[in-house]
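Subject: Structure for you to look over

Hello,

I am passing this structure on to you, and my notes follow below it. Please read them with the model open.

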Amino acid sequence: MPNASSWSASSPLLLLWEDSSGTRIFLSLLYAVLAISGTLSNVMVIYLVFSFKKLQTTSNAFIVNGCAADLSVCALWMPQEAVLGLLPPNSSSLRSAEYRLLRGGLLGLGLTVSLASHLLVAFNRYVLITKLPSVYQALYQRRHTGCMIGLSWALALLPVPLLPGLWTLGSAQSDGSSRYTALLLALAVLGQTALLLHCYLGIVRRVRGSAKRVSVLNFHLLHQLPFPAAPPPPRRAQRRLSSVSVLLLCCVFLLGTQPLVWVSLLGFFLRPAPPALQAASWLLLCSLSALNPLLYTWRSEEFRRAARSVLPRGEGPAAAPRSAAAGPA
């Protein structure tokens with residue numbers, strides 16, 4: 001049985017303490033399923049937004065940004081973890097510091113930008129619903145939207161020197177400095193979660209106190225940003241707020257992020273959590289990369305229409321975008 005230091009140094013898969021062959025195979029299969037489903041769903045959302053003008057909204061631009069970040073996790077990081085989990089524990093690939101740093105970079109970059117995109121989407125919707133249209137248009141000009149997206153990637157590159165301690169599970173057990181890095185990570189995610197919940201709860205309060213009914217998850221109001229020459233808002237722009245959808249979005253986000261936050265805080269202030277609990281908290285956070293596309297599009301009628309049009313029995317990808325750009329009947 002490996003000790004704590006060897007487990008944290010060689011484990012590529014967030015493995016359990018026993019590091020048994022059955023555990024490695026199970027986690028490899030789990031990563032393979034998440035990688036395939038997450039890659040397909042993220043690519044589909046990106047393709048639909050760039051192909052259909054009705055979907056080219058500012059809110060969807062931030063969703064696409066998150067999907068691009070999630071591809072770093074689902075298409076690049078998870079497949080490597082699935083393959084490495086089938087290798088012998090003493091494989092040289094598992095002990096290479098440079099290769100571990102590369103995998104940590106892919107994971108850290110993807111998760112950081114993805115979490116930032118969650119907040120950008122929430123803030124965009126908050127401003128759209130609670131502020132005057134002139135404020136929204138002034139804030140979300142095409143240039144400003146591009147700067148926000150670029151800033152999310154720039155901020156994700158700042159902690160690159162900290163990656164060996166930031167994204168290595170179990171390092172808090174053997175490295176004192178990594179405990180502080182894990183604490184900063186937990187506080188950053190906790191602050192981001194507080195801002196996200198503030199935005200969505202503010203939307204709910206605003207809509208409940210107003211006669212205007214707006215669909216939070218199906219935005220089709222202001223289409224001129226960030227893409228030029230967008231069509232006018234459709235007639236069905238004003239719909240009833242789906243409280244169940246907002247509640248589901250918040251619950252899934254909390255379920256994916258908060259276990260890691262509290263496991264990190266527990267390890268800093270009290271004692272490190274059991275390795276199995278650490279592994280579960282990381283798996284929940286990584287699984288968000290596969291769930292995010294469905295989380296933001298499953299309630300959107302426009303996304304469903306666009307997806308049906310590109311399926312084998314739909315209109316076909318070439319004719320569908322022109323049909324969608326023509327506007328509703």
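**Salt bridge**

Arg-305 counts as partly exposed, at 32% relative accessibility. The classes used here are buried for under 20% relative accessible area, exposed for over 50%, and partly exposed in between (1.4 Å probe, protein chains only). The side chain of Arg-305 meets that of Glu-301 in a salt bridge, 2.9 Å from N to O. A salt bridge here is a side-chain nitrogen of Lys or Arg within 4 Å of a carboxyl oxygen of Asp or Glu, and the count by this rule comes to one. Both residues lie in helix α12 (residues 301-310), four residues apart, about one turn of the helix. Helices are DSSP runs of H or I with at least four residues, strands are runs of E with at least two, and both are numbered from the N terminus.

**Basis of the model**

This is a predicted model, where local features need pLDDT of at least 70 and side-chain atom pairs count only at pLDDT 80 or more, while totals for chains, interfaces and linings use all residues. Residues are numbered from 1 along each chain as its sequence is written, and side-chain values use heavy atoms, with hydrogens and water left out.

**Nonpolar core**

The largest nonpolar core has 61 residues, and those that touch the most other members are Leu-48, Leu-55, Trp-77, Met-78, Leu-107, Tyr-200 and Trp-282. The largest share, 11 residues, comes from α5. A nonpolar core is a set of buried Ala, Val, Leu, Ile, Met, Phe, Trp, Tyr and Cys residues joined through side-chain atoms within 4.5 Å.

**Aromatic pairs**

Rings of Phe, Tyr and Trp (its six-membered ring) pair if their centres lie within 6.5 Å; planes under 30 degrees apart count as stacked, over 60 as edge-to-face and the rest as tilted. By this rule there are four aromatic pairs. Phe-62 and Tyr-140 have ring centres 6.0 Å apart and planes at 70°, so they are edge-to-face. Phe-62 is in helix α3 and Tyr-140 in the loop between α6 (133-139) and α7 (142-157), so the pair ties together parts 78 residues apart in sequence. Phe-62 counts as buried at 1% relative accessibility, and Tyr-140 is buried at 0%. The rings of Phe-268 and Phe-269 also form an edge-to-face pair, with centres 4.8 Å apart and planes at 85°. Here Phe-268 is buried at 15%, whereas Phe-269 is exposed at 59%.

Regards
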